[in-house]
Amino acid sequence: MHEFDYDVAVIGAGTAGLVSAFVADSLGARVALIERDKVGGECLWRGCVPSKALIKSAKVWELVKRSEEFGVHLEKPKLVWNAVRLRLADVRDDIKKLEREQLAESKITQLFGAASFVDAHTISLEKDGQTRQIRAKKWILATGSRAKIPEIEGLREHGFLAPHDLFSRPSLPKSLVFLGGGPIACEMAQAFARFGTRVVILQSGAQLLPREESDLAAKLAEILRAEGIEIHLNARALRVETGGSQKKIVFRVGGEERSAQAGEIVLATGKTPDFGGLNLEKIGVETENGAVKTDETLRTSAPNVWACGDILGRHLFTHAAEHEAKIAGANAVLPKVLARKIEYNGLPWVTFTDPEFARVGLSQSEAEKQGRVKVYDVPFKTLDRAIIEGETAGLARIITSGSGRILGATIFGPSAGEILTALVPAVREGALLHEFAEMMLPYPTLGEILHRAGNEAYKEFLESPLAKKALSVAKKVS
């Protein structure tokens with residue numbers, strides 16, 4: 001007879017919860033996976049999967065409108081919103097099926113309900129008015145995040161949408177105002193503008209995508225404006241009023257008060273860790289700045305509890321949650337002496353606008369604070385494949401140290417996220433940029449842009465005093 005029902009119980013079945021449960025299961029632990037809503041979490045149901053499927057449909061529709069550039073003449077093409085929505089559901093179902101198959105192949109026990117800690121080893125699990133207790137030796141917290149709701153006069157009274165609410169709209173919205181100018185706002189604003197929705201973005205900061213290079217973010221703003229999106233920067237939202245059949249949001253830019261009207265207001269003002277109802281104070285789990293606090297091994301202040309994913313409030317990306325979950329899942333099972341520490345060196349991210357923004361490592365301004373750097377900009381318009389594809393906007397910017405080691409990169413252009421993958425290990429390992437000049441990359445591909453940057457670095461290397469001295473010595477020896 002076991003003292004505990006499970007060796008490890010994971011609370012939350014999003015990306016972080018699923019991965020940590022799979023890891024613990026693979027290491028031989030008796031694992032329970034507890035979810036209060038739907039397995040798959042934010043990414044599958046409300047985030048990455050449906051949003052990227054929507055963006056793909058918008059991209060195809062944009063290409064249809066440009067088809068004559070490629071010699072393809074179409075008569076009366078039509079966008080069918082219900083068909084777009086059905087495709088989102090089909091994509092989600094396909095991915096959900098894969099997750100179900102993985103769970104079925106494991107020994108993980110799935111439990112459903114709202115969890116609340118009773119003591120360090122016990123939770124109360126409530127579902128449909130029924131309550132039972134579950135005991136586990138160790139716990140992993142992976143309950144994700146929820147939307148931040150800003151305090152704006154009249155906002156709650158007049159109503160708003162979260163970005164995921166857009167996926168289930170029965171008809172295509174005629175007009176939208178997005179509060180926020182981060183990745184989600186930019187992605188969804190562009191997609192709906194391409195579908196024909198009148199779109200306004202209100203961004204409180206001085207640029208869109210505040211974590212990105214300012215000059216490249218300004219280029220994106222130009223592209224979005226050219227596609228018909230109205231953008232207001234440094235815009236402070238003041239209040240929401242009724243504007244007839246629409247909602248009117250009043251905002252201030254500098255000393256001037258302005259307003260925008262739309263059928264719906266969409267909140268894209270960020271997310272915050274969500275652990276409400278878990279009763280963490282009961283078991284001594286400390287929080288800091290609204291997030292669960294852990295050490296480098298992702299152990300919380302409670303010795304038998306680990307945490308991973310958005311609940312940490314660090315890097316709110318699915319791939320970061322997966323990375324953290326692998327460490328939390330292993331550390332919860334293995335002896336303490338084998339515990340791994342979390343590190344985020346080489347963490348990439350992508351904003352799926354068109355063109356895409358992809359980033360890894362340091363930005364130019366961040367790198368310059370550490371010392372002398374070199375910056376290599378290679379425009380896509382110089383790349384044969386980009387010309388063939390009719391996708392010449394943007395550039396690849398590689399930041400190196402004075403010695404040529406790659407410190408970071410931003411790629412703003414077509415398929416930027418795919419191209420960036422080659423730079424992730426380069427940043428992690430401190431590779432030299434001129435090594436890309438020695439790589440044989442297939443022609444014609446967009447990935448050649450890294451080869452072009454490598455050629456620039458290699459040319460500088462050959463012209464350096466050190467290289468010239470080495471060449472002179474070699475000539476004398478020969």
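A patch here is built from residues with over 30% relative accessible area and no salt bridge, joining like charges within 9 Å and nonpolar side chains (Val, Leu, Ile, Met, Phe, Trp, Tyr) within 5 Å. A salt bridge is a side-chain nitrogen of Lys or Arg within 4 Å of a carboxyl oxygen of Asp or Glu. The model is predicted: local features need pLDDT of at least 70, and side-chain atom pairs count only at pLDDT 80 or more, while totals for chains, interfaces and linings use all residues. Residues are numbered from 1 along each chain as its sequence is written, and side-chain values use heavy atoms, without hydrogens or water.

Start at the surface. Leu63, Phe70, Val72 and Leu74 make up a nonpolar patch, with about 320 Å² of accessible area together (Shrake-Rupley method, 1.4 Å probe). Leu63 is partly exposed, at 33% relative accessibility (buried is under 20%, exposed over 50%, partly exposed in between). Leu63 lies in helix 3, residues 48–65 (helices are DSSP runs of H or I, at least four residues; strands are E, at least two).

Follow helix 3 to its neighbour. Its axis comes within 9 Å of that of helix 4 (residues 81–105), and the two cross at roughly 135°. Helix 3 and helix 4 are therefore oblique to each other (under 35 degrees is roughly parallel, over 145 roughly antiparallel, 65 to 115 roughly perpendicular, the rest oblique).

Now take another pair. Helix 1 (residues 15–26) packs against helix 8 (residues 318–331) at about 30°, with axes 8 Å apart. Helix 1 is thus roughly parallel to helix 8.

Last, Ser145. It sits in strand 7, residues 145–147, and is buried at 13% relative accessible area. Ser145 and Gly71 are 74 residues apart in sequence and 47 Å apart in space, C-alpha to C-alpha.

Conventions
Buried < 20%, exposed > 50% of the residue type's maximum accessible area, 1.4 Å probe, protein only. Axes fitted to C-alpha atoms, helices over the stretch in contact; angles between N-to-C directions.
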